[in-house]
Amino acid sequence: MQSVKLIEQWPVDHAAMAVVSADGSVVGSYGDQHRVFPLASVTKLLTAYTTLIAIEEGVFELDTPAGPEGTTVRDLLAHTSGLAFNQHKVVAEPRNRRLYSSAGFEQLADALTEAAGIEFARYQQEALLTPLSMTSTRLNGSPGAGAESTVDDLTRFAAELQRPTLLHASTLTEATTVVHPGLNGVLPGFGHQKPNDWGLGFEIRDGKSPHWTGTASSPRTFGHFGQSGTFLWVDPDAGLSCVALTDRDFGAWAAEVWPEFTDAVLAEHR
């Protein structure tokens with residue numbers, strides 16, 4: 001893919017990426033596929049998927065109380081618990097607005113640990129990482145932002161997000177459908193969004209502007225980006241996913257080059 005060469009212009013020291021088709025095949029790649037990068041908030045995708053597996057396994061349910069009083073597993077996944085960004089304190093009423101919270105994902109992992117009787121990182125290893133042969137992926141810190149991985153590993157995860165093998169397809173469809181539609185909120189790095197749509201751990205593009213995906217990305221595009229200069233998106237209408245990992249923190253450079261890159265990838269694929 002010629003579009004992949006755009007990464008050579010990114011102001012980063014190291015970058016790696018892969019474009020994955022719906023059948024799981026890699027149709028374009030760049031950089032060291034085995035280099036380990038910190039994922040930052042892309043970690044939340046792994047935490048969310050682990051949680052969905054736990055729900056299917058009967059560990060708990062979406063409506064199981066978890067987090068602050070009056071909130072549920074669903075609220076923690078959808079950032080509607082009212083918890084602060086990175087502090088374990090309530091700053092809003094549940095389901096009143098979309099308040100992005102890494103602390104909420106920490107409480108989500110705690111709820112899973114309590115319900116399963118297994119420490120979260122171990123559960124994730126056994127339920128998600130080992131079955132997908134994600135041998136270089138580790139959760140070394142917060143379930144909201146503390147994982148590290150490689151493009152090679154995340155290529156497998158990107159394939160799973162297009163044709164799930166560890167979940168029923170209907171579960172993934174529910175997870176990538178807006179939860180509590182119409183809630184406004186801040187998309188970190190891109191300001192206030194009205195609405196700020198989110199699924200069960202997956203950010204949903206819809207009509208957000210500005211956004212870190214492309215102008216040609218379908219409204220059904222879902223995924224996440226991380227402050228460590230990382231992203232993973234899936235565009236189900238295009239039948240395509242993309243993983244990109246870098247060693248430069250997110251900033252104005254990323255907000256400029258990521259959408260251009262995504263549009264080039266989509267144009268070339270179509």
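Q: Is Arg122 buried, exposed or partly exposed?
A: Buried means under 20% relative accessible area, exposed over 50%, and partly exposed in between (1.4 Å probe, protein chains only). Arg122 is partly exposed, at a relative accessible area of 49%. This is a predicted model, where local features need pLDDT of at least 70 and side-chain atom pairs count only at pLDDT 80 or more, while totals for chains, interfaces and linings use all residues. Residues are numbered from 1 along each chain as its sequence is written, and side-chain values use heavy atoms, leaving out hydrogens and water.

Q: Which residue does the side chain of Arg122 meet in a salt bridge?
A: Side chains of opposite charge can pair when their charged atoms come close. A salt bridge here is a side-chain nitrogen of Lys or Arg within 4 Å of a carboxyl oxygen of Asp or Glu. Arg122 meets Glu126 this way, at 3.1 Å from N to O. Glu126 is partly exposed too, with a relative accessible area of 46%.

Q: How many salt bridges does the count come to?
A: The count is eight. Among them, Arg220 pairs with Asp237 at 2.6 Å, N to O, and Arg74 with Asp63 at 2.8 Å, N to O. Shared partners join Asp63, Arg74 and Glu174 into one network.

Q: Which residues touch the most other members of the largest nonpolar core?
A: In soluble globular proteins, nonpolar side chains tend to be buried together. A nonpolar core is a set of buried Ala, Val, Leu, Ile, Met, Phe, Trp, Tyr and Cys residues joined through side-chain atoms within 4.5 Å. Of the 52 residues in the largest one, Tyr49, Leu77, Leu128, Phe157, Leu161 and Phe202 touch the most other members.
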